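I opened the model today to look up charges, pairings and backbone angles. My notes follow the order in which I checked them.

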Amino acid sequence: ISRRGNSKHVLQDFLSFQVKNKAPAEVQITAEQLLREAKERELELLPPPPKQKITDEEELNDYKLKKRKGFEDNIRKNRTVISNWIKYAQWEESLKEVQRARSIYERALDVDHRNITLWLKYAEMEMKNRQVNHARNIWDRAITILPRVNQFWYKYSYMEEMLGNVAGCRQVFERWMEWEPEEQAWHSYINFELRYKEVDKARSIYELKNWIKYARFEEKHGYIAHGRKVFERAVEFFGEDHVDENLFVAFARFEETQKEFERVRVIYKYALDRIPKQQAQELFKNYTVFEKKFGDRRGIEDVIVSKRRFQYEEEVKANPHNYDAWFDYLRLVESDADPDTVREVYERAIANMPPIQEKRHWRRYIYLWINYALYEELEVKDPERTRQVYQACLDLIPHKKFTFAKMWLLYGQFEIRQKNLQAARRGLGSAIGKCPKNKLFKGYIELELQLREFDRCRKLYEKYLEFGPENCTTWIKFAELETILGDIDRARAIFELAIGQPRLDMPEVLWKSYIDFEIEQEEFGNTRELYRRLLQRTQHVKVWISYAKFELSVDSAERLQKCRQIYEEANKSLRSCEEKEERLMMLESWRDFEKEFGSDGSRERVRKLLPEKVKKRRKLTAEDGSDAGWEEYFDYIFPEDAANQPNLKLLAMAKMWKRQQVQEEHENDPEKIPLLLSCCSGRPPTGHLQNGFLK
């Protein structure tokens with residue numbers, strides 16, 4: 001600044017030295033290269049510190065003082081870092097300062113007495129320096145404070161055994177077993193006793209803990225009977241509440257090595273009956289392998305059936321209302337089980353009633369009862385028990401809310417098979433009294449028909465019609481029964497009562513049956529009267545066509561004339577019909593009739609009555625009343641209607657006049673043809689013709 005004069009000049013010089021070429025350099029250095037170089041430089045070996053040689057005691061004391069001061073400073077900074085204490089103690093140990101190292105370990109234990117590494121290093125130091133009693137004291141203190149640390153017990157027992165103190169080692173193991181450690185600890189104790197040939201003591205240890213190892217131990221030493229007793233005692237000890245899969249697998253393998261195949265099979269079956277399926281996978285696998293090796297086809301099938309039974313058991317336990325699983329389970333046990341077992345499964349299944357009294361929830365459930373009853377009747381041949389099943393089911397169903405006609409009918413058919421007709425009638429009569437249904441009436445009537453009890457059928461039909469007088473099928477079946485029995489007047493009276501009902505579900509079917517009945521009886525006068533009565537109620541085109549075809553089918557000289565007359569009446573009647581398609585259908589039928597039986601004049605007359613099909617447009621309105629556009633539809637213009645409406649004649653004449661005008665304009669000016677055509681059609685022109693049309 002002194003040279004330049006002021007700071008302004010300095011700033012100008014600095015700005016003048018800035019880099020003005022900002023183009024990228026030719027060699028680019030990436031971040032990856034920088035990191036790689038830094039890593040490589042870290043790996044460069046630094047020269048080792050110079051070796052210090054201590055020549056006299058004074059230098060040694062200075063060195064010790066300096067190192068101790070450094071260790072103490074580290075400990076003072078952070079007392080909880082146990083590694084600093086261990087390094088300090090190991091350094092003192094390297095100088096043969098055992099007392100100082102012991103003092104450091106004790107100070108460290110005051111800081112953290114639950115540190116496992118600290119105890120191990122302390123005890124190892126004492127053992128290295130052959131301080132056996134000190135090491136024992138440390139191990140005793142460690143296992144007292146931390147009895148669940150297995151490493152202390154292992155090292156303590158190993159030290160005593162290495163010192164040849166067998167009694168002391170056994171005492172350590174006994175103290176350890178009081179804490180009931182894991183299985184490996186017991187095995188270590190047993191192996192210790194076996195190393196010194198103490199078989200009885202090893203056996204007593206096995207009795208306390210591991211039954212399978214105990215049995216193998218007996219087998220290994222040739223005590224087969226003792227081994228079998230061990231397994232039997234183990235099964236009794238665990239009972240049925242705490243069954244272990246591995247115990248039975250080991251027991252079965254033991255018997256298999258002794259060639260006791262029947263005992264093996266019994267053991268597997270006993271276990272499979274008591275162990276849940278998800279815990280018995282290994283058991284099933286071993287059982288299957290055993291049967292493949294030593295069993296026959298029947299044995300292998302038993303294994304598969306047992307496995308499937310366990311699967312179904314688990315399914316029904318998970319969801320007792322899964323009736324499909326119950327059906328599969330029952331089908332399995334029925335194929336390969338005694339009746340008592342099947343009954344037990346059926347009783348368990350039917351005990352799971354649907355939680356809601358709605359028929360849709362009971363539909364699958366009720367088939368459990370049906371299958372149960374059929375099994376008792378067909379397989380077990382026990383009619384009395386079958387009757388009890390049916391009665392229990394019928395007592396269970398809430399008939400006031402809903403019923404199952406199938407169950408009542410099956411019960412009635414069962415009693416018929418047992419030749420107990422009174423019980424069957426009593427049951428079906430009770431069903432009709434409690435909960436009448438169409439299916440019940442039909443089944444009961446069918447039963448009495450098979451028994452040829454026609455008077456009972458009549459009474460049942462009467463009850464049926466009292467229950468549902470609007471059911472046309474019932475009326476028709478009742479009349480057919482009377483017709484079969486030859487009572488024509490009674491059948492006719494039934495039809496008359498039927499068509500006189502104020503409400504019917506299918507009246508057209510009933511009228512057709514009545515008409516067909518009169519035709520079969522060749523009562524053509526009654527048939528014509530029926531058609532006339534029907535036409536008073538409805539003017540449907542199919543009734544007219546059927547009436548005409550009936551007159552055509554009657555073998556008489558005037559049949560064509562009567563048929564043509566009916567078509568004439570139909571044409572006059574259907575003129576006021578809103579559905580023009582029905583009138584067209586009638587005319588087409590008339591045309592077909594004249595084509596086959598009529599003359600040229602009659603054909604021409606009918607042809608002139610046929611309508612003209614025209615396309616029209618009508619405006620649509622949406623639900624909210626807004627305009628929804630236009631739609632095209634087809635309409636039929638009948639010549640008779642057009643002749644009676646002079647406006648239609650005037651419109652036709654206007655169209656003819658417009659066509660003549662178009663032809664004249666075409667001769668004078670061809671460009672105006674689209675405009676004139678639009679005028680003739682009544683539609684506004686589009687495009688460039690619209691302005692001219694509006695003018």
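**Ground rules.** I am working with a predicted model, where local features need pLDDT of at least 70, side-chain atom pairs count only at pLDDT 80 or more, and totals for chains, interfaces and linings use all residues. Residues are numbered from 1 along each chain as its sequence is written, and side-chain values use heavy atoms, with hydrogens and water left out.

**Salt bridges.** I looked up the total first: the structure holds 40 salt bridges. The term means a side-chain nitrogen of Lys or Arg within 4 Å of a carboxyl oxygen of Asp or Glu.

I then took single pairs. Arg-564 and Glu-594 meet through their side chains at 2.7 Å, N to O. This pair links distant parts of the chain, 30 residues apart: Arg-564 sits in helix 31 (residues 559-573) and Glu-594 in helix 32 (residues 580-597). Helices here are DSSP runs of H or I with at least four residues, strands are runs of E with at least two, and both are numbered from the N terminus. Arg-564 and Glu-594 are both buried. I use buried for under 20% relative accessible area, exposed for over 50%, and partly exposed for in between (1.4 Å probe, protein chains only).

Next came Arg-605 with Glu-568, a salt bridge of 2.4 Å, N to O. This pair also joins distant parts of the chain: Arg-605 is in helix 33 (residues 600-609), Glu-568 is in helix 31, and 37 residues separate them. Arg-605 is partly exposed, at 40% relative accessibility.

The last pair was Arg-490 with Glu-482, whose closest N and O atoms are 2.8 Å apart. Is each partner buried or exposed, or in between? Glu-482 has 0% relative accessibility, so I list Glu-482 as buried. Arg-490 reaches 32%, so Arg-490 goes down as partly exposed.

**Helix 31 again.** Gln-565 also lies in helix 31. Gln-565 is partly exposed, at 44% relative accessibility. I checked its spacing to Ala-548: 17 residues in sequence, 8.6 Å in space, C-alpha to C-alpha.

Strand 1 (residues 612-621) pairs with strand 2 (residues 627-637) in the antiparallel sense, over ten bridges. Pairing requires that DSSP finds at least two bridges between the strands. Lys-619 stands opposite Trp-630 in strand 2. The two strands form a hairpin with five residues between them. Gly-625, in the turn, has a positive phi of about 90°.

**Positive phi outside glycine.** Which residues did I record? Arg-130 has phi near 60°, a positive value in a residue other than glycine. Arg-130 is in the loop between helix 6 (116-128) and helix 7 (132-145). With a relative accessible area of 72%, Arg-130 is exposed.

Lys-197 is not a glycine, yet has a positive phi of about 65°. The loop between helix 10 (183-195) and helix 11 (199-208) holds Lys-197. At 70% relative accessibility, Lys-197 is exposed.

**Loop residue Asp-56.** I placed Asp-56 in the loop between helix 2 (31-42) and helix 3 (57-77). Asp-56 has a relative accessible area of 37%, so I call Asp-56 partly exposed.
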